[in-house]
Amino acid sequence: MRDGAWRAVFLTAAIFNWIVGASLLVDTSEFAASMGMETLRFDPLYTPLVGMFIILFGAFSFMVFLDLNNRAIVLVNTI
């Protein structure tokens with residue numbers, strides 16, 4: 001693939017990770033329950049911690065987007 005395509009992949013991954021991570025930082029169980037969805041208990045320690053790690057992975061993807069020579073950082077996302 002060309003460099004432009006790889007940049008698009010890593011930018012998309014960064015934005016997706018930021019959206020998912022940010023949604024885990026907030027307790028949305030009442031909102032989901034009001035829509036009729038089955039929800040699990042919100043853990044005030046574990047769930048935001050996982051959200052912060054996902055946001056960090058998004059930052060790593062964004063760093064690769066800025067400089068494609070940082071592709072070694074991709075290994076962190078695969079673990």
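**Exercise 1. Classify Arg2 as buried or exposed, and locate Arg2 in the chain.**

Solution. Arg2 has a relative accessibility of 70%, so Arg2 counts as exposed. The cut-offs are under 20% relative accessible area for buried, over 50% for exposed and in between for partly exposed, with a 1.4 Å probe and protein chains only. The model is predicted: local features need pLDDT of at least 70, side-chain atom pairs count only at pLDDT 80 or more, and totals for chains, interfaces and linings use all residues. Residues are numbered from 1 along each chain as its sequence is written, and side-chain values use heavy atoms, with hydrogens and water left out.

Next, the position. Arg2 lies in the segment before H1; helices here are DSSP runs of H or I with at least four residues, numbered from the N terminus. From Arg2 to Ile15 the C-alpha distance is 20 Å, at a sequence separation of 13 residues.

**Exercise 2. Compare the span of H1 with the expected span, and do likewise for H3.**

Solution. The expected span is 1.5 Å times one less than the number of residues in the helix.

- H1: with 23 residues, the helix reaches 33 Å from first to last C-alpha, close to the expected 33 Å.
- H3: with 21 residues, the helix reaches 31 Å between its first and last C-alpha, close to the expected 30 Å.

**Exercise 3. Describe how H1 and H3 pack: what are the axis distance, crossing angle, handedness and residue classes?**

Solution. Step one is the geometry. The axes of H1 (residues 3–25) and H3 (residues 46–66) come within 7 Å and cross at roughly 165 degrees. An axis is a line fitted to C-alpha atoms over the stretch in contact, and angles between N-to-C directions run from 0 to 180 degrees.

Step two is the orientation. H1 and H3 are therefore roughly antiparallel, given that angles over 145 degrees fall in that class, under 35 count as roughly parallel, 65 to 115 as roughly perpendicular and the rest as oblique.

Step three is the handedness. The crossing of H1 with H3 is left-handed, meaning that the near helix is turned anticlockwise from the far one by less than a right angle; clockwise would be right-handed.

Step four is the composition. The contact of H1 with H3 has 20 nonpolar residues, six polar and one charged. Nonpolar covers Ala, Val, Leu, Ile, Met, Phe, Trp, Tyr, Cys and Pro; charged covers Asp, Glu, Lys and Arg; the others, Gly among them, are polar.

**Exercise 4. Which residues of H1 and of H3 are buried?**

Solution. In H1 the buried residues are Phe10, Ala14, Asn17 and Gly21. Gly21 has a relative accessible area of 0%. In H3 the buried positions include Gly51, Ile54, Gly58, Ser61 and Phe65.

Ile55, also in H3, is partly exposed at 26%. The C-alpha atoms of Ile55 and Phe10 are separated by 14 Å, and the two residues are 45 apart along the chain.

**Exercise 5. How many aromatic pairs does the structure have, and which residues form the aromatic cluster?**

Solution. The whole structure holds three aromatic pairs. Rings of Phe, Tyr and Trp (its six-membered ring) pair if their centres lie within 6.5 Å; planes under 30 degrees apart are stacked, over 60 edge-to-face and the rest tilted.

The ring centres of Trp18 and Phe62 are 5.5 Å apart with planes at 50 degrees, so this pair is tilted. It links distant parts of the chain, with Trp18 in H1 and Phe62 in H3, 44 residues apart. Trp18 is partly exposed at 32% relative accessibility, and Phe62 is partly exposed at 27%.

Phe62 also pairs with Phe65: the centres are 5.5 Å apart and the planes at 35 degrees, again tilted. Both residues lie in H3, three residues apart, about one turn of the helix. Trp18, Phe62 and Phe65 form one aromatic cluster.

Notes
Helices (H or I, at least four residues) and strands (E, at least two) are DSSP runs, numbered from the N terminus.
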